[in-house]
Amino acid sequence: MGTTTFSGPIRAGNIRNTTVVTDIVIPANSKIVNIIVDLVAAANASTNISVGEVGGNANTFINTLATGTTVGIKALGASGGGTLEWGNTGTSDKRLTVTASAATNAGSVRITVVYAQAFNTAVQA
């Protein structure tokens, strides 16, 4: 079995600096394995979270997940409506964005995207 060593900095993708803190960048040819939505502070009962692509659909990856007012990790269920888009991000980086349906300052959410990098590329010998 071989050994892999990283000595940093590690660069993945070509979108490096962004000023919007709600953007998430997934490198090209990746596969999204899971998206974890953790409500850290209670939101408005009518707040829905969507995760989409900047410049594309606002709900490509998560379609209107109802957060409710109970803190904790939320099950995606049918709200993971964009799961077909999870299989292959394509040949360019994807910049994701998070939107909320309710105009409120209540609540705080932590979103974690788990992905396999270079999943959709040919294995090089």
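# Salt bridges, sheet and core

Biologist: What does glutamate 53 count as, at 22% relative accessibility?

Modeller: Glutamate 53 counts as partly exposed at that value. The cut-offs are under 20% relative accessible area for buried and over 50% for exposed, with partly exposed in between (1.4 Å probe, protein chains only). Bear in mind that this is a predicted model: local features need pLDDT of at least 70 and side-chain atom pairs pLDDT 80 or more, while totals for chains, interfaces and linings use all residues. Residues are numbered from 1 along each chain as its sequence is written, and side-chain values use heavy atoms, leaving out hydrogens and water.

Biologist: OK. Which residue forms a salt bridge with glutamate 53?

Modeller: Lysine 94, with 3.5 Å between the closest N and O atoms. A salt bridge here is a side-chain nitrogen of Lys or Arg within 4 Å of a carboxyl oxygen of Asp or Glu. The pair links distant parts of the chain, 41 residues apart: lysine 94 is in strand S6 (residues 94-100) and glutamate 53 in strand S3 (residues 48-53). Strands are DSSP runs of E with at least two residues, and helices are H or I runs with at least four, numbered from the N terminus.

Biologist: And lysine 94 itself, buried or exposed?

Modeller: Buried, with a relative accessible area of 18%.

Biologist: What else does the lysine 94 side chain reach?

Modeller: The backbone oxygen of threonine 89, at 3.5 Å. Leaving aside neighbours within four places in sequence, lysine 94 is in contact (heavy atoms within 4.5 Å) with Ile24, Val25, Ile26, Glu53 and Thr89.

Biologist: How many salt bridges are there in the whole structure?

Modeller: The search finds two. Besides the lysine 94 pair, the side chains of aspartate 38 and arginine 110 meet at 3.4 Å, N to O. Those residues are 72 apart in the chain, with aspartate 38 in strand S2 (residues 31-41) and arginine 110 in strand S7 (residues 108-116). Arginine 110 is partly exposed at 47% relative accessible area.

Biologist: Switching to the fold. How many helices and strands?

Modeller: Zero helices and seven strands. Of the contacts with a separation of 6 or more, 78% are between residues 24 or more positions apart.

Biologist: In what order do the strands of the open sheet come?

Modeller: There are four of them, in the order S1-S6-S3-S4, with antiparallel pairing. Two strands pair if DSSP finds at least two bridges between them. S1 (24-26) and S4 (62-66) each have a single partner strand, so one side of each is left without a neighbour in the sheet. The twist averages 25 degrees from one strand to the next, with axes fitted to C-alpha atoms (for helices, over the stretch in contact) and angles from 0 to 180 degrees between N-to-C directions.

Biologist: Last topic, the core. Which residues of the largest nonpolar core touch the most other members?

Modeller: Ile35, Val37, Phe61, Ile62, Leu76, Ile111 and Val113, out of 14 residues in that core. S2, S3, S4 and S7 each supply at least two residues, and the largest share, three residues, comes from S2. A nonpolar core is a set of buried Ala, Val, Leu, Ile, Met, Phe, Trp, Tyr and Cys residues joined through side-chain atoms within 4.5 Å.

Biologist: What is valine 37 in contact with?

Modeller: Leaving aside neighbours within four places in sequence, valine 37 is in contact with Ile62, Leu65, Gly72, Ile73, Lys74, Leu76, Val109, Arg110 and Ile111.

Conventions:
A polar contact is a pair of N or O atoms within 3.5 Å; within protein, one must be able to donate a hydrogen and the other to accept it, and residues adjacent in sequence count only if both atoms are side-chain atoms.
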